[in-house]
Amino acid sequence: MKLRTLILGLCSTSALAFAAHAESITIATVNNGDMVRMQKLTDDFTKANPDIQLNWVTLEENVLRERVTTDIATKGGQYDVMTIGTYEVPIWAKQSWLLPLDKLGDDYDVKDIIPAIAGGLSVDGKLYAAPFYGESSFVMYRKDLMDKAGLKMPDAPTWDFIKQAADKMTDRANGVNGVCLRGKAGWGENMAFLTAMSNSFGARWFDENWKPQFDQPEWKNTLQFYVDLMKADGPEGASSNGFNENLALFQQGKCGMWIDATVAASFVSDPKNSTVADKVGYALAPDNGLGKRGNWLWAWSLAIPAGTKKADAAEKFVSWATSKHYAELVASKEGWANVPPGTRSSLYANPEYQKAAPFAKMTLDSINAADPTHPTVKPVPYVGVQFVAIPEFQGLGTTVGQLFSAALAGQSSVDDALKQAQDAATAAMTEGGYIK
Amino acid sequence: MARSVTTRHKTIATVAAWIVALLIFFPILYTIITSFKSEQEAIQGFNLIPSGTFESYSEVQAQSGYFKFFLNSVILSVGSTILALLVAIPAAWSMAFSPTKRTKDILMWMLSTKMMPAVAVLFPIYLIFRNLGLLDSRIGLMVMLMLINLPIVVWMLYTYFREIPGEILEAARMDGASLWNEIIYVLTPMAVPGIASTMLLNIILAWNEAFWTIRLTTTDAAPLTAFISSFSSPQGLFWAKLSAASTLAIAPILIMGWFSQKQLVRGLTFGAVK
């Protein structure tokens, strides 16, 4: 009895001593399938690193963005690892708010990260965030409706073909809309789509001297085409539709085509949730023959704020979560189709992944077709495909998004929306000191 | 004839009241219904009959432990209410029974602070919390919630106290009661219905507060508002899970409100017909 008490006492003391020694890091993240899966698999990390405890804070994307921005700008020190997007990384790295990731380990293989993604997360050749999953945008279409319309979707369609196909596929009597596109106002909502689309029409937000360009014919062509297309072939109330609304419409068989994030492919092809799972085809985002396609580039990435006191533990975690080993771990537990996509070239060379994810090649081609450092036909002073990587963009992008959403809803004309966008952008650029 | 008109009016009023009540409650009811659907059912348009699965509830519980957030919600709402009453009862007493020329102005000024958008003071408050080491602490958030709701609490108590005849307090003073004895033994027992309804309303307001409770917490002090927020996703449809999380978050306060509705209504309409 005494011996048992002694052993129990020793165990408790050791446990207490261990708990006191363990370092806990707080990770801020978004709620999506890949991130939730990572939380479930962290035993693998804590087994290998018993001295590190993980605390998770999961928040809605906009709230997360606001929270981590507040924290990092005030050096609040609430988080040791932050999930941030391609928009924040170059801005925050230039402000010295992020630590460069140069201790990811010998077997991490940085060169395996898809170059377009790595380019968007690096400043002056240094990687400031490790991609957890990456995405571009492409066309998802109903093969059966395309056949019915007597058309064949090319691998790399033009906008004219999209318009022609949408006109033929639209069947209002049966609730089928030829095309579903984002219309909900927001810099990450309709403006992500429209900015990427405008690149393929030869438009740009600013010229080399930061002068806003909404008064140029390229923007007029973009917005007019978009509004006309949606009026003729889009769903009712499209100005309120974002990713989730269009996903629901497509899954219910109410869209002939949907141009949106490549990550949606796994949702629309999932027979558990999609009524059209076996009828979906994929193609690159459309172009106009000007050398740029209307697809974007985004990566949810893990970064370490400069204010953390646990940089080593945080970098160990970032290295684990974005490693090849993690991809293999997910594949072994949940199958290759569930491995976070769009970050490593080796994943797309893997025959098992190619077999499990029929959209793999088109996803990689779409990512490779985006160049965040040269996003437009004409030269620009900024980086970012579907955004402009300056701090003023969030506010300005949302204002312009509201104007364009109003044009789609028929509350204003295309010309009025563009004129107001030009005025708003000029005011924001003047206030920011970019132009006089 | 007159009686039948009255009966008809009563019937119409009852039906109208039921329709309005149903309209107000319908979003909550539909959230509860959706929580018992599968994700696929949830996105397939309007449907009032769920398949009755508990899948979303078990997934929500597995993904982020409900009880930690629930406990924080209880501590924060009850704690902030007690703090608010401790400050507001003496404040309302002085304004009701010992008013000055500026009492009305002070009351209006207090109320005007509720009109300021919270986001305008986010950075200063965040910096104060950071410097005092109060970020992600229950005590810090309790004080914050107390300050947010204090104007309403003072206003409500002031209204109730004004209904109590000043002569009773004078009589207590004549009998030699000190100021604190007067407040604790005479005023407070007489104002119990008012204090109770103020307390209930403050608990509801604190429970539902989402701006500060999400922005000033991370893990240790996060209440149910942060719990719901963690299930909202811009990419991916998790409506059934989001509905289950929302139902779990609102259920306790809904039940409390249901059982105390008489007290709440009585308190809120106290003095309204004077």
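**Notebook: chains A and B, predicted model**

I began with chain B, where residues 24 or more positions apart account for 77% of the contacts with a separation of 6 or more; I call two residues in contact if their C-beta atoms, placed from the backbone, lie within 7 Å. A reminder to myself: this is a predicted model, in which local features need pLDDT of at least 70 and side-chain atom pairs count only at pLDDT 80 or more, while totals for chains, interfaces and linings use all residues. Residues are numbered from 1 along each chain as its sequence is written, and chains are lettered from A and ligands numbered from 1 in the order in which they are written.

**Chain B overall**

I looked up the elements next and found 14 helices and zero strands in chain B. Helices here are DSSP runs of H or I with at least four residues, strands are runs of E with at least two, and numbering starts at the N terminus. The C-alpha atoms of chain B fill a box of roughly 75 × 70 × 30 Å along the principal axes. Of the 274 residues in chain B, 35% are buried. My cut-offs: buried takes 20 or more other C-beta atoms within 10 Å of the residue's own, exposed takes 12 or fewer, and partly exposed is in between, with C-beta atoms placed from the backbone.

**Where A meets B**

I then turned to the contact, which takes 28 residues from chain A and 26 residues from chain B. On the chain A side, α2 (33-40), β2 (52-59), α4 (61-73) and α11 (243-251) each supply at least two residues. Helix α11(A) gives the most, with five residues.

**The core**

Which residues have the most contacts inside the largest nonpolar core? I noted A:Val81, A:Met140, A:Met257, B:Ala92 and B:Leu157, in a core of 191 residues. Such a core is a set of buried Ala, Val, Leu, Ile, Met, Phe, Trp, Tyr and Cys residues joined through C-beta atoms within 7 Å. Helix α7 (residues 138-163) of chain B brings the largest share, 14 residues. I also checked A:Met257: leaving out residues up to four places away in sequence, A:Met257 touches A:Val139, A:Met140 and A:Tyr141, among others.

**A:Glu352**

My last stop was A:Glu352, in helix α16 (residues 351-356) of chain A. Buried or partly exposed? A:Glu352 counts as partly exposed, because it has 13 C-beta neighbours inside 10 Å. A:Trp336 is 16 residues from A:Glu352 in sequence and 6.9 Å away in space, C-alpha to C-alpha.
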